[in-house]
Amino acid sequence: MLRRAGPSLRHFLLERKSSAGYSSYSSEAKMSRPVQARRLEGIDKNIWVEFVKLAATYSKVNLGQGFPDFPPPDFLKEAFVRALSGENHMLHQYTRAFGHPPLVKILAQFFGKLLGRDLDPMTNVMVTVGAYQALFCCFQAFVDEGDEVIIIEPFFDCYEPMVKMAGGMPVFVPLRPKAPKDGKLMSSADWQLDPAELVSKFNERTKAIVLNSPNNPLGKVFSRGELELIANLCVKHDTLCISDEVYEWLVYDGKEHIRIASLQGMWDRTVIIGSAGKTFSATGWKVGWTVGPNRLLQHLRTVHQNSVYHCATVAQEAVAQGFQRELELYGKPESYFVQLPKELQQKRDWLVQSLDAVGMKPIIPEGTYFLVADISEFKSDVPDVPDSDEPYDSRFAKWMVKNKGLATIPLSAFYCGAHKNNYNHFIRFCFAKEEATLKAANDILQKWKLERTSP
């Protein structure tokens, strides 16, 4: 009876030995099949990872990444402090998943005024973790396997991998530069779509076109005529428009930012994407939004609910207060949306003069934080490498940060693989910086100029 009450010692030791042997075997075994999903194939490399590391290691002045090194306006910081330290403890908890009620309400009021239509804050606005997540939601919600998405080059670099991750096929159409006749510096307005080329990209498989105006990296503000061309093609081919308008307030020289959703036939097929980071110079807050018809935004809400779910409540509260202030001051001189572009235009003009003086040819941007400069005159500093797969501007930008301490981004990073070498003699500068930062950049350039011209 006692022997049947449990296993024998010998049986126990044999089981233990067998178990130990299996454990040893399993710890050494390796998976033979790929672990990554197919959707990640070919998009694992990212230029920002490489160039941010280079800037952190070598740069004395970083004009590469697109963020201000000056603070947000005082009224926004004060709103954040009030939200953070006030007695409303619910601001430290979850709020409505698709947008903090005070924020979606004021965004509906503000953009309703701009678009000339009544917007429902609960169905026509959705708050996201920055504009980046808004883009991700759009591609995941709308793009199926085999769908084509037209992307205008140069483009913000996440568009292509996000389309591919959704199973879609990016179709590229470049802005083509036309040199000014009178020897003036080129403007971003001189980079234009070829209407016939754009028409040729639309077909029955075209699901969407991505519009970025004002454009990063070029600073181009699309004209009404260009937007009407795009709008007519979208209506004709029943195509969606994903309109990335994060730099909507940063336009210069009296230019007008026209919202494509305001054009005939476009409200019902457009998702507008905005960013508090660019609007209020607070890129680290990561508050973005989408505005559009409920028939489109209901699908974005599904993606949002099943990915990030929720954005930081305190940041949303502060942004809501910022927009409330700007709605009350709309169009007045003391409005931040009036003051900021004036300040940035001065910084732009200063950097244009600095680059032109040393022999780089800047392309004067109509908007955004950025300007692109032609480095053809500096090619003797960085010899070409025959048969190299790396675009010349990428090698130039790496050489410049390592040897001169000035960080920028190569323009080829904003083109598809097949077109990178067509535009490989430009680099992008960010001028949304303190005056001291821009002066330090100028000092580097002037010293470089002396080195190049001295016998």
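Strands, labelled E, are DSSP runs of at least two residues, and helices, labelled H or I, are runs of at least four, both numbered from the N terminus. The model under discussion is predicted, so local features need pLDDT of at least 70 and side-chain atom pairs count only at pLDDT 80 or more, whereas totals for chains, interfaces and linings use all residues. Residues are numbered from 1 along each chain as its sequence is written, and side-chain values use heavy atoms, with hydrogens and water left out.

I begin with Glu248, which lies in the loop between strand E8 (240-244) and strand E9 (270-275). Glu248 is buried, at a relative accessible area of 3%; buried means under 20%, with a 1.4 Å probe and protein chains only. The side chains of Glu248 and Arg259 are joined by a polar contact of 2.8 Å, that is, a pair of N or O atoms within 3.5 Å, one able to donate a hydrogen and the other to accept it. Neighbours within four places in sequence aside, Glu248 has contacts (heavy atoms within 4.5 Å) that include Phe111, His257 and Trp289.

I turn now to helix packing. Helix H5 (residues 130-142) and helix H10 (residues 294-305) have axes, lines fitted to C-alpha atoms over the stretch in contact, that come within 8 Å and cross at roughly 105°. H5 is therefore roughly perpendicular to H10, the term covering 65 to 115 degrees. Among the residues making this contact are Cys137 and Phe142 of H5 and Leu300 and Val303 of H10.

Helix H4 (residues 101-115) packs against helix H11 (residues 313-328) at about 30°, with the axes 8 Å apart. These two helices are therefore roughly parallel, meaning an angle under 35 degrees.

Terms used. Axes are lines fitted to C-alpha atoms, for helices over the stretch in contact, and angles run from 0 to 180 degrees between N-to-C directions. Angles under 35 degrees count as roughly parallel, over 145 as roughly antiparallel, 65 to 115 as roughly perpendicular and the rest as oblique. Buried means under 20% relative accessible area, exposed over 50%, partly exposed in between (1.4 Å probe, protein chains only).
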